[in-house]
Structure formats: structure tokens, C-alpha cells
Amino acid sequence: DRDYSLPHQKIENHFGNLKATYFANSNNKMEFYVNHGFNNLAEYEEKIFTPGIDMYLNSSSVQARHHWKPNNRLQLLSGIQTILESNENGDTAEERLIEDSDQYDIGLYSSLSYDMKGVKLNAVVRFDHRTVRSTNFSGDYPNLNAAIGLRKQWKGNSIKDFSFHLSSGTRAPHLSELLSDGVHHGAVRYELGDRNLGSERFVQLDVNYEFSNEHFSLLFNPYTTVAKDYIQLTQLDSIINGMDVYVYAAKDRVLLYGLETSIHYHPHFAHRIHFETGYSNTYGRVLGLVQEGEDLYFMPQARLRSNVRVELSKKKAFGFASVIVQHNYFFGQDRVGPLETATDPYHLLQLGCQMKWDGNWPLQFSFGIRNVLNTSYVNHLSSIKSLGLTEPGRSFYFNLKWRIDGRKKSIK
């Protein structure tokens with residue numbers, strides 16, 4: 001049961017997006033994306049009609065991509081993307097967690113895929129620039145990244161696919177990491193940003209192996225990443241407004257490594273039945289002379305996911321398309337840092353069903369139940385874990401997708 005009480009939060013979200021594609025010919029096309037999102041977060045502490053925090057976030061993005069395939073061996077993809085975010089505080093709010101500010105992002109990228117007679121070369125280069133502006137702060141964060149990889153595939157009665165990639169990456173600090181200075185009521189702590197933070201920088205090596213045949217497929221993907229100036233929340237030995245103080249701080253160097261693997265099987269006598277299972281886990285270690293070998297905190301729990309999917313009326317224009325039963329097991333997490341407590345393991349069960357209508361404008365309708373067994377659990381990365389509050393219990397969802405296509409013309 002849910003009752004209106006204090007303190008409480010009110011969250012409002014609106015999203016809209018538009019996509020358009022222009023085909024010059026079958027080997028040359030342009031794609032355009034326009035997106036806008038609006039979010040309002042209001043936290044009421046002791047007064048019903050006066051919010052303690054009232055934050056408005058408007059986010060708009062525009063992207064253009066050009067696909068070009070001059071021949072059967074070469075493919076090029078180039079694009080530009082820009083994002084504008086505006087963060088404002090309501091006039092009646094008693095407190096401010098982040099001051100009014102604007103964030104501008106622009107990115108330019110280009111990728112190449114070239115088939116060298118059986119070995120495929122992939123290369124990417126990208127430039128990003130972030131600008132943050134507020135009344136008392138101005139910051140610019142330019143970043144250049146690149147990636148290169150090779151892929152080899154063997155075909156026969158089964159398909160084997162092996163690839164590896166070496167890439168660099170960066171992440172400019174977020175507004176909250178730079179400008180926070182106030183009480184975070186959702187996490188019950190006082191947060192301070194650091195205006196001197198720079199961009200996080202990463203170098204990653206990942207290896208990917210896939211095996212598949214008519215009834216079975218396997219994916220094995222280990223990876224390792226070295227990060228510099230890795231940003232995390234750090235607790236200070238001080239109290240403000242009766243709450244513990246946390247500050248966003250950068251660790252000099254950290255090592256992240258992990259594994260993702262999955263198996264998919266559908267028996268020969270029942271092609272519509274699919275059994276799928278997958279495992280993922282990430283480890284983190286601090287590198288350095290002082291903290292060598294220390295576990296990196298705020299790391300996700302290892303996860304084992306399994307599902308059974310039954311495909312139904314493939315050939316019917318209207319009817320049930322599929323039914324899925326999914327089980328997720330989250331392992332306990334005892335690799336914790338000074339800010340954390342260990343987390344017990346738990347499992348979640350979900351049921352889902354999808355219906356379809358294959359008309360000129362196809363319609364898809366899906367519905368299901370999350371957390372079917374109403375399991376009481378706390379995710380290790382939950383910001384309200386310290387309060388002893390659990391995650392949502394049993395819930396129901398409905399999703400409607402309506403695809404509207406314009407008049408199709410043949411592409412020569």
C-alpha cells in the first residue's frame with residue numbers, strides 16, 4: 001500500500017524523438033535524429049506545498065550520420081552529434097543541490113571497416129568537446145579517442161568468430177560531480193563537487209569469441225581497462241546539516257577487468273523453444289604506491305541470467321508472438337570499500353508476453369510482471385541502501401509500439 005507522507009519525491013519525465021532516413025542509393029544513406037527529454041524532481045521534506053529541492057532538467061540532442069559503402073570491401077560511417085542540457089532550480093525550493101547551469105556537448109566521429117580478404121579491419125576516431133557554464137563556473141573538456149580492431153570468421157557446418165579491439169576512451173565530469181553543494185535527500189548525505197576535476201581517461205583491451213551452429217551458440221568476452229583520474233564519491237571526516245559529507249574525488253589509476261559469457265540453445269525437435277543463459281562480472285582494483293591492491297568500491301554484483309523463450313505465431317498476421325520466463329540471480333557482493341556494506345545474494349523472476357499485428361503499420365503490444373515472487377531485496381549500487389529501503393516489489397508493465405512507415409519506393 002502507498003500512502004501520501006513526508007518526506008516524499010515527485011518525479012516527472014517526458015521524452016520525444018524523431019528519426020528520418022534519406023537514401024541516395026543502396027550504398028549511400030543519411031540518418032537524422034532529434035531527441036528531447038524533460039525531467040522534474042521535487043523533494044518534499046517537512047512542508048506539503050513547499051519543496052526542499054525542485055530541479056528541472058531539459059535535454060535536447062541532434063545527430064546526423066552518413067553511411068557509405070563504395071565497394072564490397074569498404075564501409076565508412078561518419079557523423080556529428082550535439083547535446084544541450086539545461087539545469088534549473090525552482091523559485092520556491094528551499095535548497096539547491098546543483099546551481100543553475102548549462103552543459104553543451106559536441107562530438108565528431110568517423111569509422112572504417114575494411115575486409116582484407118578474410119580478416120576485417122575496424123578503426124574509429126572521435127573528437128568530443130564539453131562546455132559547462134554557470135554563474136560562478138566555466139569549464140571546457142576536449143577529448144580525442146581512437147580504436148582499432150581485427151576480426152576473423154571461419155564458416156562451415158559451424159561458424160567461429162574471433163576478434164579483439166584496443167581502444168581509448170574518455171568521460172568528461174558531469175554537472176553533479178563539478179557543482180554539487182547541498183543535501184542529497186534521496187541518499188541522505190551532503191554532496192560536494194570538485195571544480196578541479198578533469199576528464200576520466202581509459203585504455204581498454206577486449207577479446208571476443210563466438211561459436212554457433214544450427215542449434216547452439218556460445219559467446220565468451222573477457223576485457224580489461226586501465227583508467228586514469230577515475231571519479232568516485234569519497235567520504236570526508238565531517239558533518240554538515242547533521243549529515244555525513246561526501247565529495248567527488250579522482251583516483252590516480254585503477255584497473256577494471258571482467259567477463260561476459262552467454263549460451264543459447266534451441267533443440268532440433270522444437271525450434272520455437274529457446275534456452276538462454278549468461279554470466280557477467282566486473283572487478284576493480286586501485287593501482288598506486290599507497291593503495292596498491294585495494295578493492296575498488298561501488299562495483300556491481302556478479303549476475304547470472306537465464307530465460308526460456310517460446311516463439312508462437314510467426315506466420316499469423318495477428319496473435320501472440322512470444323512468451324518469455326526470465327530468472328536473474330545476483331551473487332552476493334563482499335568486495336567492498338570503506339563506504340559500503342556487503343550485499344546478500346537474491347534472485348528475481350519475470351514473466352512477459354508479446355502480441356503483434358502485421359499490417360501496413362505494424363503494431364506490437366507487450367505486457368508482463370516484474371519481480372513475480374515479490375522478492376524483498378537491495379541492489380548493491382542502490383543509493384538508498386544505507387536507509388535499509390528495498391527495491392520495488394511486484395509490478396506490472398504494458399508497452400505499445402506502433403510503427404508508421406511512409407510510402408516505400410524501390411531503391412536503385
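**Asp140 is partly exposed, at 41% relative accessibility.** Buried stands for under 20% relative accessible area, exposed for over 50%, and partly exposed for what falls in between, using a 1.4 Å probe and protein chains only. The model is predicted, so local features need pLDDT of at least 70 and side-chain atom pairs count only at pLDDT 80 or more, while totals for chains, interfaces and linings use all residues. Residues are numbered from 1 along each chain as its sequence is written, and side-chain values use heavy atoms, with hydrogens and water left out. Asp140 forms a salt bridge with Arg133, and the closest N and O atoms are 3.4 Å apart. The term salt bridge applies when a side-chain nitrogen of Lys or Arg lies within 4 Å of a carboxyl oxygen of Asp or Glu. Arg133 has a relative accessible area of 30% and is therefore partly exposed.

**A salt bridge joins the side chains of Glu200 and Arg171, at 2.7 Å from N to O.** This pair links distant parts of the chain, since Glu200 is in strand 11 and Arg171 is in strand 8, 29 residues apart. Strands here are DSSP runs of E with at least two residues, helices are runs of H or I with at least four, and numbering starts at the N terminus. Is Glu200 buried or exposed? Its relative accessibility is 3%, so Glu200 counts as buried. Arg171, at 31%, is partly exposed.

**Further salt bridges are found elsewhere in the structure, where a search of the whole finds 14.** Glu311 and Arg309 meet through their side chains in one of these, at 3.0 Å from N to O. Glu311 is buried, because its relative accessible area is 16%. Lys29, Glu31 and Arg65 are linked by salt bridges into a network.

At least two residues of the patch come from each of strand 7 (138–155), strand 8 (159–171) and strand 11 (200–212). Leu205 is in strand 11, and at 39% relative accessibility Leu205 counts as partly exposed.

**Tyr257 and Tyr283 form a stacked pair, because their ring centres are 5.3 Å apart and their planes are at 15 degrees.** Rings of Phe, Tyr and Trp (its six-membered ring) pair if their centres lie within 6.5 Å; planes under 30 degrees apart are called stacked, over 60 edge-to-face, and the rest tilted. Tyr257 belongs to strand 13 (residues 243–265) and Tyr283 to strand 14 (residues 273–287), so the pair ties together parts 26 residues apart in sequence. Tyr257 is partly exposed at 31%, and Tyr283 is partly exposed at 30%. Tyr265 and Phe275 make another stacked pair, with 6.5 Å centre to centre and 25 degrees between the planes. Tyr265 lies in strand 13 and Phe275 in strand 14, so this pair ties together parts 10 residues apart in sequence. Tyr265 is partly exposed at 37%, as is Phe275 at 39%. The whole structure holds 10 aromatic pairs; elsewhere, ring pairs connect Tyr279, Tyr329 and Phe331 in a cluster.

**Val308 sits in strand 15 (residues 303–311).** Which residues does Val308 touch, not counting those up to four places away in sequence? They are Ile273, His274, Phe275, Val323, Ile324 and Val325. Contact is taken as heavy atoms within 4.5 Å. Val308 is partly exposed, at 33% relative accessibility. His266 is 42 residues from Val308 in sequence, with 9.8 Å between their C-alpha atoms.

**Strand 17 (residues 346–357) pairs with strand 18 (residues 363–370) in the antiparallel sense, over seven bridges.** Two strands count as paired if DSSP finds at least two bridges between them. A hairpin of five residues connects strand 17 to strand 18. Phe365 in strand 18 has Met355 opposite. Strand 18 is also joined to strand 19 (residues 395–402), in antiparallel fashion, by eight bridges. There, Phe365 stands opposite Leu400 of strand 19.
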